[in-house]
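Have the structure open as you read.

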Amino acid sequence: MNIKILTYCLSLWLLVLLMAACERSHPQVEVVLQQADALMEAHPDSAFSLLDSLHYRQPMSKKETARYALLLAKATDKTYQSLIPCDSLLNVALRYYEKPTADRATALLYKACLEDEVNHDEEAIEHLHEARLILKDYPEEVSTRRITLGLLGDLYYQHKHYEDCLPVYQETLELCESDRDKSYTYRDIGSYYTMTEKQDSAMYYHRIAKSYALKTNDSTLIANSFYSLALAFNVFNEKDSLLYYLKVASDYAPIGMLKSQYQYTYGKHLYEVDKEDALSYINQALKYAPFSNSVQKYDEISTLEKDRGNIDAAYDYLQKYVNWLKSLYAKERSVDVQQLIYDYDTKLQVQEEQSKAKQRQIYTITIGSIICFLLIIASLYLYYQKRHQQLTNQNQIDVLKFDLITLQKSMISGQNAIDKLKRKLANKEKENKSLELIISQGEQHLNELQADAQRQQGDFRSTIDAIKNDLKVRDQEIERLHGEIRQKEDDVEKIWKESSKLFEDNRTNVRLLTQELEHSKEENKGLLDMILQVKQYAQKMQSQGLHICGLAFSQTPIYEYATKKGEGVKASDDLPIFNSKERKALSSQIQQIYADYIQELQTQFPKLKEEDLIFLCLESTKIEPKIIAICLGYPRVNAIYKLKSRIYLKIGKEK
């Protein structure tokens, strides 16, 4: 009996030892994780340093690894670093947090942030949807819900699903507690209304975002709010307000990249109004940005200096830009070499980890074999001890088996009934969710209709008042006209009497004039034929001139560049459009080549815009519509046909 107990205790001890070797917690790791979690909100950079050093210093259990992955991803995101190195750790966390808990929702959120960073938007939206469903059961996770909804709304906005992003932004707004978060969310809602061309709502929400930003006293946030408001005015073609708010945004922006960007944008828009001040702002913006960022703008500045006639300054800027491109190419080559070295080191580390894993596996198998051998010995001993008890209890077991079969049948029938009830409950939940969605959409549509009705009622009242005032003025004018009509009737009677005397004299003069007119018609017929020939010759010369201009334009680098971009692209596909710099280069080439033709069009049709004139010049060269769409910055060919109909409508009206 003592041998039996000793063997059984030894087996249990070895089993516990094996489990502890496979999965054990580390007190030092837990302390570091707690410290990083405590520092996360106030000092995320310190938390990131702690977590980064821990990864290379201590082994961790699966639970600690999953928690470490969430904390490291959070610290990386808060310190505005790339989440790509956290990819494998986030996959470990998602495998560990299989159940729908708040930790899984957090892991899904940062996985979606990583996928958004590498432009895998469909996977990011899928993970955000799952996190959103999980967080409905965790109302206390306010921060995670707000960040999840904000990122989901931004992805909808980027893919132009504007009607889907607005409810998400509104739900995000309900979760905002600080002035900073409210400013961000109101600014997103204002951007939605800007893109849907609802000017009043867009300006309303952008101004609310600006007021909340001013409360935070954060110069960066305030500058961004004014900049967003300026972009909204730019969309609605209010240039004065655009320049004003761009100037305020550049004044609030802290010294650095942000101030450089805003001052440069302000200078570019100011260039149309005041070239000297615009160039001074642009040159000042270059001082605040690092050389690697400011040198990218030298190409555009060179074009502006060239337009002013300052050829030497334009050449200097262009030379700096070319030198930077050469250094950038050399730097990219060195980065490729460093990437190869990094990949080789990574492979070596993976091989070392695999060899260590094999050693741990052999150690585990050896201990398991010893334990299994001892368990077999103990089980054999127990088997012979219990054999005689099985024989005596056989009759009781048979009775219990019969009872067990009866209970199993009743349990199966009960389980079937439970499954039916669960399916019915799931169907009811789906119906309730669809009804809630329909009700929320109906309430939103009703609110929009009420707002439109109130606005239209105010416009209608003001219109009625204006009509009443206009009617009063017209009544007074009618009375005055009646008096003038009476006076003129008297004058007409006098004039009629005098004209009747002159009528007889004029009749004889008319006969003489008709005879002279018939003679002059025969003489003018030859002149009309000559005028018609001159017009036909002028039209022929104009068509030849446009043909020569078309040949000159087809030899330009910008035309060859547009043709290369259009090669292999079908008219039904999304087109690779020109950016602003390329469109400016195209405009300057067109104005140089087609100067006479543009001047003639502006004289005949002064209402034509710059874009209309460029289109007419490109159309005269008889190039493909998709090439014209690429040059003018339209992603689809259909937009060219709409532009053409608008232009010819303008020309027809002016004619």
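This is a predicted model, and its average pLDDT comes out at 75. Of the residues, 69% score at least 70. Two stretches need some care, and here's how they look:

| Stretch | pLDDT | Contacts in the model |
|---|---|---|
| Residues 14-25 | under 50 | 14 beyond four places in sequence |

Now for the inside. The largest nonpolar core is made up of 82 residues. Which residues have the most contacts inside it? They are Leu 33, Leu 51, Tyr 68, Leu 72, Ala 93, Leu 128 and Tyr 262. Helix H12, spanning residues 219-235, puts in the most, with nine residues. If you click on Ala 93, you'll find it touching Ala 66, Ala 69, Leu 70 and Ala 107, leaving aside residues up to four places away in sequence.

As background, nonpolar side chains in soluble globular proteins tend to be buried together.

One more spot to look at is Ser 183, which lies in helix H10 (residues 179-195). Is Ser 183 buried or exposed? Ser 183 counts as buried because its relative accessibility is 0%, and the cut-off for buried is under 20%. Setting aside residues up to four places away in sequence, Ser 183 touches Ala 209, Tyr 212, Ala 213, Leu 221 and Ser 225.

Note on methods
Residues numbered from 1 in each chain as written. Predicted model: local features only at pLDDT ≥ 70, side-chain atom pairs only at ≥ 80, totals over all residues. Heavy atoms only, no water. pLDDT = per-residue confidence, 0-100. Contact = heavy atoms within 4.5 Å. Helix = DSSP H or I, 4+ residues; strand = E, 2+ residues; numbered from the N terminus. Buried < 20%, exposed > 50% of the residue type's maximum accessible area, 1.4 Å probe, protein only. Core = buried A, V, L, I, M, F, W, Y, C linked by side-chain atoms within 4.5 Å.
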